[in-house]
Amino acid sequence: GKPVDLAKLKQSDVLVVKIAGKVTDSDSHQTLVVDLLPAGFEIENARLSGSKKIDEFAWLGDLTNPLYAEYRDDRFVAAINLDADTSEFQFAYLVRAVTPGTYGLPASSVEDMYRPALRARTSATGKVTIAPYQRQSE
């Protein structure tokens, strides 16, 4: 539940990615949220036995139930309807640092699927560094 230093990650670290936003008008928007992963990360498959589940993190609060969600190799995608009654959204998913190196952190984006001129993206881009895993000496 604490922000992580993206310059000090280690291979096999698992992180919670949280995406939140809101519309500022009262129009109805059929919205697509796309969060691109930096290279070196993979989305954790919460359906696998022994994997952490996002509902284990109570500190996230209420998460939006998307109409559709996809956990691809390189991105998280969710579709939601936003309007005056439901103007905010919050999604979360788990990623694992898998490949050591320094990578670019891409922006996330939100767009109205039927009015693509209405879109936004995060301004927080940067770098992510994953250090190789080192065994603890016994």
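The legends below describe close-up views of a predicted model.

**View 1. The largest pocket and the residues at its centre.** The largest pocket holds about 1,200 Å³ of space. Its lining is made up of 44 residues, and those closest to the centre are Val17, Lys18, Ile19, Asp35 and Ser108. Sorted by class, the lining has 27 nonpolar residues, together with 8 polar and 9 charged ones. Rolling a probe the size of a water molecule over the atoms shows where empty space is left.

**View 2. Strands that line the largest pocket.** At least two lining residues come from each of β2 (14-22), β3 (29-36), β7 (88-97), β9 (108-112) and β10 (115-121). Strand β2 gives the most to the lining, with 8 residues.

**View 3. The largest nonpolar core.** This core has 21 residues, of which Phe41, Tyr93 and Val95 touch the most other members. Strands β2, β4 (41-43), β6 (75-82), β7 and β11 (126-131) each contribute at least two residues to the core. The most comes from β7, with 5 residues. In soluble globular proteins, nonpolar side chains tend to be buried together.

**View 4. Surroundings of Val33.** Val33 lies in strand β3. The residue is buried, because its relative accessible area is 1% and the cut-off is under 20%. Val33 touches Ile19, Phe76, Val77, Ala78, Ile80, Phe89, Phe91, Ser109 and Val110, again leaving aside residues up to four places away in sequence. Between the C-alpha atoms of Val33 and Pro66 the separation is 9.9 Å, with the two residues 33 residues apart along the chain.

**View 5. The open sheet of three strands.** An open sheet is formed by 3 strands in the order β1-β11-β8, with mixed pairing. Strands β1 (9-10) and β8 (101-105) stand at the edges with a single partner strand each, so one side of each has no neighbour in the sheet. Strands of a sheet pair through backbone hydrogen bonds, either parallel or antiparallel.

**View 6. Pairing on β11.** β1 and β11 run parallel and are joined by 2 bridges. Within β11, Ile130 is the residue opposite Leu9. β8 and β11 run antiparallel, and 5 bridges join them. Tyr103 has Val128 in β11 as its bridge partner.

**View 7. Ser12 in the loop between β1 and β2.** Ser12 is found in the loop that links β1 and β2. Its phi is near 85°, a positive value in a residue other than glycine. With a relative accessible area of 34%, Ser12 is partly exposed.

Notes. Residues numbered from 1 in each chain as written. Predicted model: local features only at pLDDT ≥ 70, side-chain atom pairs only at ≥ 80, totals over all residues. Heavy atoms only, no water. 1 Å grid on protein atoms, 1.4 Å probe; cavity = no way out; pocket = protein on both sides within 12 Å on 5 of 7 lines; lining within 4 Å. Points joined across faces, edges and corners; volume = space filled by probe spheres on them. Helix = DSSP H or I, 4+ residues; strand = E, 2+ residues; numbered from the N terminus. Nonpolar A, V, L, I, M, F, W, Y, C, P; charged D, E, K, R; others polar. Core = buried A, V, L, I, M, F, W, Y, C linked by side-chain atoms within 4.5 Å. Buried < 20%, exposed > 50% of the residue type's maximum accessible area, 1.4 Å probe, protein only. Pairing = 2+ DSSP bridges. Contact = heavy atoms within 4.5 Å.
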